[in-house]
Amino acid sequence: MEWVDLRKYGPELEPPDAGLLAYACGMVHWHSRNRFCGCCGKKMLSELGGHSLKCISHSCTSSIYPRLDPAIIGLVTFGDYVLLGRQARWEQGRYSLLAGFVEVGETFELALAREVKEECGVDIDGKSVRYAGSQPWPFPSSLMVGFTAKACSSDCSSMNREHLEKCEISGKENVPTVAGHNSLPTITVDTDELEDARWIHKDFLRTVLSAKKLPHGTTFTVPGRHAIARILMESWISSSRTPTWAGNDIPTVEIDEGVFKYVLFLLKDGKGNQKLVVRGSCSLPFHADILEQTHKQVRHVGLQVEPRGGGRIEHNFKQQSIHVYGFSQAYGQADHTLTSVILKQWLPLHQISVSWEGY
């Protein structure tokens, strides 16, 4: 047996136990911080089973009661992406929603807008803010109030609009599209508040929440199952599910480490469902070999494979860097910008660069 931090283990407990411990933790802290009267300095006497403290001085008789400091936490989205951040004191790879205390004179909605702007430099659409739930947070005496909101675009230039149009796959209604990562609102991290902040794609977050293996053993975690941050994430994921089809079980990205050739493929079935995937391997020296292997991978589920060009990838996992370049003599040059967007969705902690030179 050992004493542990409730902040770390509380979200893993069942709700009744977590609630009881949160209650006890908050009351213990309140008593320890209010042993003496704030008016006259005399000792405080516990009353009402500990729910009230009264000054022992007959000339003062001041009484106080437990109070709460409200804080907000927000699920801020932009299309298929959600804004997540991390503090330096957290364990490696841990990310969560942005949160902060409500200041004097603020509404919850204004506090959310201010915190997101201060910590990440991202503006939110005030009309999109919606209440989503609350949770006690006795560290030391807070109530976490959860909201959802949509971010405003920081760049609506024609270049980004053209890129978004170029990234879309034509097909039947509800076919998944690939949104250009360059169109996301720019993040400017306040390093006094956060160590890092990222736009995370819903498919990557869905994989994290389901505890499935991430590409190359990437370390990326979120709060426990009973934490309001995770509840908000799961609610968003469940409300934005893609149509059920065989392509959902096919990994979007399968690449090696090192330098190798890659191919951008379009997978599709006979019902109009389709998705883009990236494949590359050091063990496959030719682009045609990658096509043959991909055919074998999806043939059993009845999917067709269409090459959309190729090139080369230089991948250094330890340095978390990827460079996409070159072309394929067999299938032509892939849209490396589109490839980088797909790679960023599944390797969100990597720095990805693109060039159109080389072979």
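Which residue lies over the face of Tyr95? Select Tyr95 and Arg86: Arg86 lies over the ring face, at 5.8 Å from the ring centre (a charge sits over a ring if NZ of Lys or CZ of Arg is within 6 Å of the ring centre and within 35 degrees of the ring normal).

The model is predicted, with local features requiring pLDDT of at least 70 and side-chain atom pairs pLDDT 80 or more, while totals for chains, interfaces and linings use all residues. Residues are numbered from 1 along each chain as its sequence is written, and side-chain values use heavy atoms, leaving out hydrogens and water.

Rings of Phe, Tyr and Trp (its six-membered ring) pair if their centres lie within 6.5 Å; planes under 30 degrees apart count as stacked, over 60 as edge-to-face and the rest as tilted.

The structure holds six aromatic pairs. For one of them, select Phe108 and Phe147: the ring centres are 6.0 Å apart and the planes stand at 45°, so this pair is tilted. Phe108 is partly exposed at 33% relative accessibility, whereas Phe147 is buried at 3% (buried means under 20% relative accessible area, exposed over 50%, partly exposed in between, with a 1.4 Å probe and protein chains only).

Now move to Phe204 and Trp346, whose ring centres are 6.4 Å apart with planes at 75°, so the pair is edge-to-face. Phe204 belongs to helix 5 (residues 202-209) and Trp346 to helix 8 (residues 336-346), 142 residues apart; helices are DSSP runs (H or I, at least four residues), numbered from the N terminus. Both Phe204 and Trp346 are buried.

Conventions. Helix = DSSP H or I, 4+ residues; strand = E, 2+ residues; numbered from the N terminus.
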